Structures are given as C-alpha cells and as structure tokens.
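Here is a brief report on one protein structure. It moves from single residues to the overall form and back to local geometry.

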Amino acid sequence: MTDSFRPPPLIESLPILPLRNSVLFPASVVPINVGRARSVRLIEEAFGSERPTIGVVAQKGADTEDPRFDEIFQVGTVARVLKVIRLSSGNYSVVLQGMARMKIEEELARHPFMHARVSRIDDRPFKDVEIDALTVHLRESARKLLALLPHPPREASAVLDNVQDPGALADLVASNLPISTLAKQGVLETFDLRTRLRKVVELVTRQSEVFRVKKEISTMVQEEMSRSQREFLLRQQARAIRKELGETEDDEDEIESLRERIVRAEMTTEAEKAAKKQLSRMRNMSPAGAEYQSARTYVEWLSDIPWSRSTPDRLDVTEVRRVLDEDHHGLDLVKKRIVEYIAIRKLRSDKKGPIICLVGPPGVGKTSLGRSIARATGRQFVRISLGGVSDESEIRGHRRTYVGSFPGRIIGGLKKAQARNPVMVLDEVDKLGNDSRGDPASALLEVLDPEQNSAFNDHYLEVPVDLSQVMFIATANREDTIPWPLLDRMEIINIPGYTRDEKKAIARDFLIPRQLSEHGITPDRLEFPPEAIEFIVDGYTREAGVRNLERQVASICRAVAVRLAGGEDVYIIADPKWIEETLGATRHENTIAEKLGAPGIATGLSWTPAGGDLMFIEASKMPGRGMVHLTGSMGDVLKESVAAAFTYIRTRASSLGLSEDFLSKLDVHVHLPAGGMPIDGPSAGLAIFVALASMLTRIKVRPDVAVSGEITLRGTILAVEGIKEKCLAAHRAGIKHVVLPKRNEPDIEEVPDNIRRDLIIHWVSKVDEVLALTLEIAPAPPPAEAASPAP
C-alpha cells in the first residue's frame with residue numbers, strides 16, 4: 001500500500017473545543033485547563049455521555065475570547081476525554097488523548113457550544129525505503145536535540161525507541177518541540193507522511209542549532225564570569241599583600257577609579273589598550289615615584305578625551321541663519337558658507353567638517369564669528385591662539401621621554417570642549433613662527449587636511465585621534481604670510497572691513513547695548529542718537545574694523561558710570577559737543593583738502609594688514625645736479641616705482657611743458673610721510689607719477705581724488721590688489737573720485753552698492769589719461785607722434 005492510497009474518511013458529528021496557544025496531536029495525552037463558559041458546558045456534557053469524544057481545534061488568535069468558526073483552524077484532532085478534575089466553580093482541569101486528525105466539513109451550531117460535522121483522517125502504515133530513512137534520521141536528530149537540552153525528560157529517549165510508527169513519531173516529536181503554535185499547526189495539517197517527516201526533521205535541525213548556539217553563549221558567559229571571579233580573588237589577595245607591606249588602599253582605589261574612567265570614556269581599541277597597559281605598569285610602581293605620576297597623567301589624558309561624545313548639530317537652516325544675523329551685521333559670504341554646510345550636513349550626516357580661513361584686518365569680528373557659528377550650530381566653542389608659536393610640539397604634543405610632557409594644543413582644545421565635534425578657532429595662523437624646534441605650520445598640515453585628520457597622531461598620546469568632525473576656522477590678518485601648503489588646505493573667505501554705514505549699524509545694534517550692559521547703565525541713563533554715532537565714527541575712528549569704535553563707546557560709558565557711582569542723577573543724550581568734551585578733540589577730519597595745498601602732493605590708496613588706507617606722496621624740487629632723494633622707509637618695490645615714474649616723465653617731458661634737460665639743474669626729493677613705518681608694495685607707481693607731474697608742472701592735485709595703480713615704462717597701467725579695501729578707505733576719508741586700473745574693473749563687484757553710489761570711479765588703462773582726471777588744470781594732451789617713448 002502506498003501513502004497516496006487512503007480509505008474514504010469517516011464523517012461524524014462532534015462538539016468542538018477551541019484551544020489557545022496549543023495544538024493537540026494524535027496519540028498525545030495532555031492536560032488542559034478549561035474556564036470559558038462554552039468550553040465548560042461542552043466538557044460537562046461530553047464527560048457525562050457514554051462516548052466522551054470531542055474535536056479539539058486551535059484558534060487563530062490567542063486573544064479571542066469567544067471564537068467563531070472562521071476564527072479557528074479547520075484541521076484539528078479527534079480526542080477522548082480521559083479525566084476531568086473540578087478546580088473551582090466553572091473551572092476544570094481536563095486530560096485529553098489525541099486519537100486521529102480531523103477536518104471540519106460543516107458547521108452545525110455555536111450554542112451552547114460549537115458543534116460541527118467532521119471527517120477523520122487516519123494514517124495508514126506501509127513499507128517504503130525513503131520513509132524508513134526519514135524515520136531513522138528523525139529519531140537520531142531528536143536524540144541529538146535531547147543531548148543539548150539543559151534538563152531533558154528521563155523517559156524521553158525510551159519513548160523515542162518505543163514509537164515505531166513513522167507518523168506517530170513525527171507527531172510526538174513535533175508536539176514536544178518549543179516552537180510556535182502556527183508551526184505546530186502546519187505539521188498537523190500535513191497529511192502526506194513523507195512531507196510531514198521532512199518538515200519535522202527540518203524543525204528539529206533548526207532547534208538543535210538554536211540550542212547549540214545558546215549553549216556556546218552560555219559557556220562563554222560562564223567562562224567570563226569565572227575569569228572575573230578569579231580576578232576578584234586575586235585582587236583581594238594582592239590587597240592583603242599590600243596591607244602587609246604597609247601600602248595604603250588609597251593607591252588601589254585610585255587605580256580602580258582610573259579603570260572606571262577608562263570604561264566610561266568608550267575609547268578606541270588602540271587607546272584602551274594603551275591605557276590598560278599603563279594601568280598594569282602602575283600596579284608595580286611606587287606611588288611616590290615620578291614614573292607613577294607620569295603614567296597616571298597619561299591615563300587621565302586618554303580618559304578625558306571625548307572619543308565618542310559629541311553634541312547634536314542644530315540642523316535647522318532657518319534657525320542657524322537667524323542666530324548668525326543676530327550676532328553679526330553683514331558678512332554675508334561667511335554666513336552663506338555656514339548655512340551651506342548645515343544644509344549639506346542635514347542631507348548627509350557623515351559630511352566632514354569644513355576648514356575655513358577668515359582673512360581680514362583686526363577688529364572685523366573673525367574670532368567672534370567663530371563663537372557665533374558654534375552657537376548657531378549647537379556645538380562647543382574652543383579658541384586656540386597660534387600667534388608667535390614656533391615650537392612644533394605645541395601642535396603635535398611633547399614626547400613622553402621626560403617629566404612634564406603634555407599633549408599639543410589641538411588635543412588640549414578637544415579635551416576642553418568635551419565633545420568630538422566642536423568649533424575650533426585657530427587664531428592668527430599667519431603669525432606662526434619657525435625655528436630650530438620645528439615648523440608648527442607644517443604640523444598643522446595634518447590637522448587641517450580632511451584626508452589625514454581622521455587619524456591625527458599626537459606625540460604624547462601615541463594613538464590616533466579622529467579630528468574629522470571638528471569644524472576648524474582659522475583666522476589671519478593677511479593671506480600672503482600664510483605658508484602655501486597650509487593655505488592650500490583651507491577655504492579662504494576675505495573680510496575686508498566695514499563701510500561707514502555698516503559701522504553705524506554695528507554701533508547702534510551691537511556695541512552700544514553691550515557696553516551699556518557691561519557698565520551697568522540702563523538705556524534711559526545714556527542715549528546715543530544717530531548723529532552722535534555718526535560723530536564718533538567720523539571723528540574718532542578710521543579703521544577697517546570696529547575695535548577702536550567700541551573703545552570710544554566704552555570711554556563714554558565709563559565717564560557716565562563714574563558720575564552715577566558718585567551719586568549724581570544722570571540722564572544724558574549724547575550730542576557731538578558733549579562727546580567732544582568727554583573724548584577730547586576729534587582725531588580725524590572728513591576731508592583732506594588742507595593736506596593738498598601745494599603742488600607735488602598726491603593721494604594714493606594702499607592695502608595694509610589693517611585694511612585699506614590713504615598714502616600721501618610728497619615731491620619737492622630744489623636746485624641741484626639731477627639727484628633723486630627717497631625717504632620714508634621705502635621698500636625696494638616702491639623705489640623701483642619711483643624710478644619707473646621718473647623715466648616715463650622724462651620720455652614725456654615735452655608733453656608736460658618741460659625742457660629735455662629739466663633734470664640737469666634740479667634735485668628731486670620724494671617722501672612718503674608714514675611715521676617711520678616701513679612701506680612697500682606694487683600699487684603706488686601711479687600716485688608717484690601724479691605727485692611728480694604736479695611738482696614739475698606746478699599744478700595742484702585735486703583734493704577729492706585718490707589713485708592706485710602700477711605703471712610700466714611704456715605707460716601701461718597694471719592691475720593691483722585690494723580694490724575693495726582701497727575703495728572703503730577712500731570713502732572713509734571723504735574722497736569723491738577714485739582712479740583705478742581698467743584691468744581691475746571686474747573687482748568692483750566686491751564693493752558694496754552704497755559705496756559705489758557715493759564714489760565716482762574712473763577706469764584708466766594708460767598713464768596719459770590720468771593727469772586730466774587728477775590735476776586741477778590739466779596740461780595739454782601729447783601729440784600723436786609722442787605716444788611712444790623715444791628710443
């Protein structure tokens with residue numbers, strides 16, 4: 001007989017008992033508790049009948065209190081009620097014995113309990129080689145599973161040997177497996193014997209693997225616990241030995257405290273290994289020794305570094321922009337770059353921090369901008385001053401070869417921030433030194449290189465530290481003094497300075513409220529009207545930044561604070577007269593007309609680390625033999641500019657109304673009055689030419705004109721740097737007309753719109769065009785044949 005042959009099923013009517021979280025298999029004897037009203041009624045009637053046979057079916061949802069036919073499975077087990085024990089009123093313990101599989105064919109009733117017409121499905125024994133092999137394999141697999149169980153039943157192995165029927169063996173094993181109700185129901189619904197044996201073998205194999213892994217984990221945990229207990233006992237013995245030797249327990253407590261700090265620090269694998277190595281050495285050292293203190297300091301440094309601690313970034317672009325605008329006026333380019341970084345970080349969380357270098361004159365807010373960036377992004381702020389640093393160890397740290405060594409400033413800043421993603425401002429990178437102790441600028445290359453700083457190696461720690469999440473912001477006054485390799489790793493953002501209107505806005509919105517608050521003065525005690533702010537800006541400051549402006553405001557606040565502290569009831573509206581009485585006479589005038597009262601004086605524009613500035617060139621002649629005298633601490637470039645201007649004038653002598661040998665009976669003196677400060681740069685050639693032409697032709701230079709540009713021997717005007725700074729300087733000084741090289745015309749886009757509206761800018765490409773724009777009465781234009789210098 002084959003397993004495909006099956007006799008017709010036996011149809012009968014049976015009461016149905018739904019089970020929760022349980023499946024009854026044929027040939028299984030199980031006790032169940034019955035407490036639901038319908039189930040109790042079913043058991044009472046079935047047990048009182050002559051043939052106590054019922055159908056037992058698992059319900060699909062264990063939470064269903066009163067299941068319908070569509071809420072129970074259609075395949076179950078015909079069972080005999082062997083024993084009923086009354087536990088309490090309405091609660092029974094029933095012992096059931098599974099007899100055969102069944103399938104619900106027709107629903108008959110739900111009240112007073114479920115009743116259905118069912119068909120029995122009996123297994124028929126037959127001979128088959130594959131089934132015999134599956135049976136043997138299942139029995140062996142079940143024995144292996146029993147061996148893995150922590151507390152297997154004593155009679156389980158004997159039962160496995162006694163059950164010879166393949167179907168009964170599969171049902172027996174499945175009923176005792178710790179698997180889900182759905183999995184057991186799947187076995188129950190598998191009528192084909194081969195398929196059922198394969199399914200149970202697969203379940204047994206899976207459970208064996210689960211128990212094997214659990215046993216391995218349990219063994220590992222047990223071994224770890226045994227090792228911990230062993231270490232505890234050894235430490236207790238070591239403590240007793242130290243006590244006998246007279247050593248205090250404070251030292252041991254200190255080591256344990258360091259051990260706890262190492263665990264809390266969540267270090268990298270390399271750092272934790274180095275820290276534990278030093279901790280082991282400390283156990284064998286005398287606490288009074290220098291080596292012990294050195295090892296302890298090293299472990300403390302490793303424990304204090306924020307290896308895994310970081311502050312959450314504020315990724316709201318609107319909020320970041322609001323905070324930046326709240327702290328700083330203008331500086332749109334810097335704000336735009338920070339907002340771009342936050343937007344990219346919001347889209348990609350693993351974005352590395354930018355490395356920005358803010359270049360600008362003192363007092364424009366480079367360092368305070370870094371603090372605002374930290375506040376806007378929700379990060380910690382750390383400032384490291386690098387001005388005058390000439391020792392490489394200040395960056396990379398000192399090697400632990402002597403007592404008193406310590407990490408570099410970068411690691412120190414990271415420790416101070418207590419977060420691995422702070423905003424770190426590196427101040428004055430253009431003033432780094434360089435001597436026999438190394439080159440700190442070269443050491444900064446590793447710090448500021450995004451491809452290397454994820455594993456920065458400090459000489460003191462000797463373990464890699466990740467700096468890739470740090471937002472580095474470097475500051476400098478000038479770009480040309482920053483080493484080129486270092487400059488190449490940074491994104492340069494120039495902050496040339498503030499306009500007059502920007503200074504007034506900054507004083508009104510930022511400086512005055514801050515100084516009033518710092519001096520304990522309420523706004524009603526001291527008021528600054530707009531004309532007072534304008535008077536301070538024009539009369540007492542002439543700088544690219546606002547540092548001196550804040551000093552003047554602070555001086556006024558101090559004067560009022562002294563009167564308030566003396567008991568006076570002070571209410572002052574600051575006007576220009578009162579400000580002049582408090583601060584003294586004004587230091588700057590709005591016009592420079594009085595400085596150009598004679599021929600031979602021209603106004604040039606120069607760039608300095610403090611921003612743009614005016615540069616006065618004075619030229620004078622006297623009887624002599626053609627000597628040229630240069631004074632004013634001129635550099636080599638300026639001396640060459642004077643020589644080039646003289647050569648061009650000599651080639652254009654006739655067009656200027658000069659004799660060919662005009663220099664043979666004259667000595668000329670060119671002077672740059674700058675208080676003895678060294679002066680140099682390739683942008684004064686045009687101004688020197690104007691001063692010399694004015695002196696030789698005895699025609700005054702217009703007082704409202706300033707020039708900037710470098711000239712060649714053939715009269716071409718070359719482009720210069722710092723157009724924005726020079727325009728700001730001219731505007732501050734009251735200049736109306738500015739003469740600039742034609743080649744610099746694209747640079748005018750950097751100049752603010754209000755400055756461009758106030759200035760009249762003349763673009764020139766040839767020297768011959770300049771005198772008509774700068775002299776009060778221009779000389780006659782040169783003839784066409786004199787357009788080129790004589791050979």
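## Structural report

Cys357 is buried, at 0% relative accessible area. Cys557 is buried too, with a relative accessible area of 0%. The structure holds 0 disulfides. The model is a predicted one.

**Overall form**

The protein has 25 helices and 24 strands. Its radius of gyration is 47 Å, well over the 28 Å that the globule rule gives for 791 residues, so the protein is more spread out than a compact globule. Along the principal axes, the C-alpha atoms fill a box of roughly 150 × 75 × 75 Å.

Of the 791 residues, 46% count as buried. The accessible surface comes to about 39400 Å². Carbon and sulfur atoms hold 52% of that surface. Among contacts with a separation of 6 or more, 74% join residues 24 or more positions apart.

One distance gives a sense of scale. Asp488 and Glu260 are 228 residues apart in sequence, and their C-alpha atoms are 43 Å apart in space. Asp488 lies in helix α16, which covers residues 484–488. Asp488 is exposed, because its relative accessible area of 51% is over the 50% cut-off.

**Salt bridges**

The structure holds 49 salt bridges.

| Pair | Closest N and O atoms |
|---|---|
| Arg322 and Glu326 | 2.6 Å |
| Asp427 and Arg383 | 2.6 Å |
| Asp509 and Arg508 | 3.1 Å |

Take the Asp427 pair. Asp427 forms its salt bridge with Arg383. Asp427 lies in strand β9 (residues 423–427) and Arg383 in strand β8 (residues 381–385), so the pair ties together parts that are 44 residues apart in sequence. Are the two partners buried or exposed? Asp427 is buried, at 3% relative accessibility. Arg383 is partly exposed, with a relative accessible area of 44%.

Arg322 and Glu326 both belong to helix α10, residues 317–327. They are 4 residues apart, about one turn of the helix. Arg322 is partly exposed, at 39% relative accessibility. Glu326 is partly exposed as well, at 41%. Which residues are linked with Arg322 in a network of salt bridges? Glu319, Glu326, Asp327 and Arg375 are linked with Arg322 in that network.

Asp509 is partly exposed, with a relative accessible area of 41%. Arg508 is partly exposed at 48%.

**Helix positions: a lysine and a valine**

Lys504 is in helix α17, which spans residues 500–518. Why does Lys504 count as buried? Its relative accessible area is 18%, and buried means under 20%. Leaving out residues up to four places away in sequence, Lys504 touches Ile533, Glu534 and Val537.

Val213 is found in helix α6, residues 193–245. Val213 is partly exposed, at 34% relative accessibility. Together with Ile217 and Val221, Val213 forms a nonpolar patch on the surface. The three residues have about 230 Å² of accessible area together.

**Backbone geometry**

Most residues other than glycine have a negative phi, and most peptide bonds are trans. Some places in this model depart from that pattern.

Asn21 has a positive phi, near 55°, and is not a glycine. Asn21 sits in the loop between β1 (10–19) and β2 (29–34). Asn21 is exposed, with a relative accessible area of 59%.

Glu428 also has a positive phi, of about 60°, although it is not a glycine. Its place is in the loop between β9 and α15 (440–448). Glu428 is partly exposed, at 24% relative accessibility.

Which residues does a cis peptide bond join? They are His111 and Pro112, and omega is about 0°. Pro112 is in the loop between β5 (91–109) and β6 (115–121).

Terms used
Residues numbered from 1 in each chain as written. Predicted model: local features only at pLDDT ≥ 70, side-chain atom pairs only at ≥ 80, totals over all residues. Heavy atoms only, no water. Helix = DSSP H or I, 4+ residues; strand = E, 2+ residues; numbered from the N terminus. Buried < 20%, exposed > 50% of the residue type's maximum accessible area, 1.4 Å probe, protein only. Contact = heavy atoms within 4.5 Å. Patch = residues over 30% accessible without salt bridge, like charges linked within 9 Å, V, L, I, M, F, W, Y side chains within 5 Å. Areas by Shrake-Rupley, 256 points an atom, 1.4 Å probe, with all protein chains shown as cover. Salt bridge = Lys/Arg side-chain N within 4 Å of Asp/Glu carboxyl O. Rg over C-alpha atoms; globule rule 2.2 N^0.38 Å. Disulfide = S-S within 2.5 Å.
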